[in-house]
Amino acid sequence: TSTTQSTRYASSQDLVNLVRHKVNSSGVTTSFTYPLQLLLGGSNFQGQFVTPVELNRVDARRILFAGGNDLYESLDRGDTMTGLGLNQTVEAAVYGGTSSSVDNLDLIWAIANPSSVPKVYIRTSGGGAPAQTTGTPGTVPLRDITVDPADWHKAYVVNQSGQVYST
């Protein structure tokens, strides 16, 4: 993608008919394709009604899909994906980050609420599923997560009551 065009993704519910558009600086689609979403490993993808999708903040060719049954990682713009083995519904995630001007392509922060118990997960390197953090951000289910753009070590979560917790 250059400065005169961008890549945009769209789908219908449950991540059905995912489409990747190339859009010029006037906002006009110049081409589109339907990524194959070929599963390379893990359980079959089950979309959520509104499936969270996160582009990697360092390399936009990498995408994280938060399925209803697992977290899936694509290294090639959605053409293939691999289940990471978290084996639960993820509400929101952050993919990729920077700290001290060093990029981390493999970073994943994710939140889930199994049995309405809020949990935060992190992967700082390599592949595979993120691990649960030791701290628990209260007892109210979590809604969203973000990180400081200059330091991925600083994460912020908000729960369904609007309370914000930070690392």
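Predicted model: local features only at pLDDT ≥ 70, side-chain atom pairs only at ≥ 80, totals over all residues.
**Stop 1: residues 32 and 34.** Select phenylalanine 32 and tyrosine 34. Their ring centres are 5.9 Å apart and their planes stand at 90°, so this pair is edge-to-face; the cut-off for that label is an angle over 60 degrees.

**Stop 2: residues 45 and 72.** Next, select phenylalanine 45 and tyrosine 72. This aromatic pair is edge-to-face too, with 5.0 Å from centre to centre and 70° between the planes. Colour the chain by secondary structure to see what the pair connects. Phenylalanine 45 sits in the loop between β4 (38-41) and β5, while tyrosine 72 belongs to strand β7 (residues 71-74), so the contact ties together parts that are 27 residues apart in sequence. With the surface on, you can check each partner in turn. Tyrosine 72 has a relative accessible area of 0%, so it is buried. Phenylalanine 45 has 22% and is partly exposed.

**Stop 3: arginine 62.** Go to the loop between β5 (53-55) and β6 (63-66), where you will find arginine 62. Is this arginine buried or exposed? Its relative accessibility is 10%, so arginine 62 counts as buried. Which side chain does the arginine 62 side chain meet in a polar contact? Show aspartate 106: the two side chains make a polar contact at 3.0 Å. Then display the wider surroundings. Leaving aside residues up to four places away in sequence, arginine 62 touches Glu54, Leu55, Asn56, Glu73, Ser74, Leu75, Tyr95, Leu105, Asp106 and Arg123.

**Stop 4: a sheet of three strands.** Finally, switch to cartoon view and select β1, β2 and β3. They form an open sheet in the order β1-β2-β3, with antiparallel pairing. β1 (5-12) and β3 (29-33) are at the edges, and each has a single partner strand, so one side of each is left without a neighbour in the sheet. Look along the sheet to see the twist, which averages 25° from one strand to the next.

To see how two of the strands meet, zoom in on β2 (residues 16-24) and β3. These run antiparallel and are joined by four bridges. For one example, pick lysine 22 and find its bridge partner in β3, which is serine 31.

Conventions: Residues numbered from 1 in each chain as written. Heavy atoms only, no water. Buried < 20%, exposed > 50% of the residue type's maximum accessible area, 1.4 Å probe, protein only. Polar contact = N/O pair within 3.5 Å; in protein donor to acceptor, adjacent residues only side chain to side chain. Contact = heavy atoms within 4.5 Å. Phe/Tyr/Trp six-rings, centres within 6.5 Å; stacked < 30°, edge-to-face > 60°. Pairing = 2+ DSSP bridges. Axes fitted to C-alpha atoms, helices over the stretch in contact; angles between N-to-C directions.
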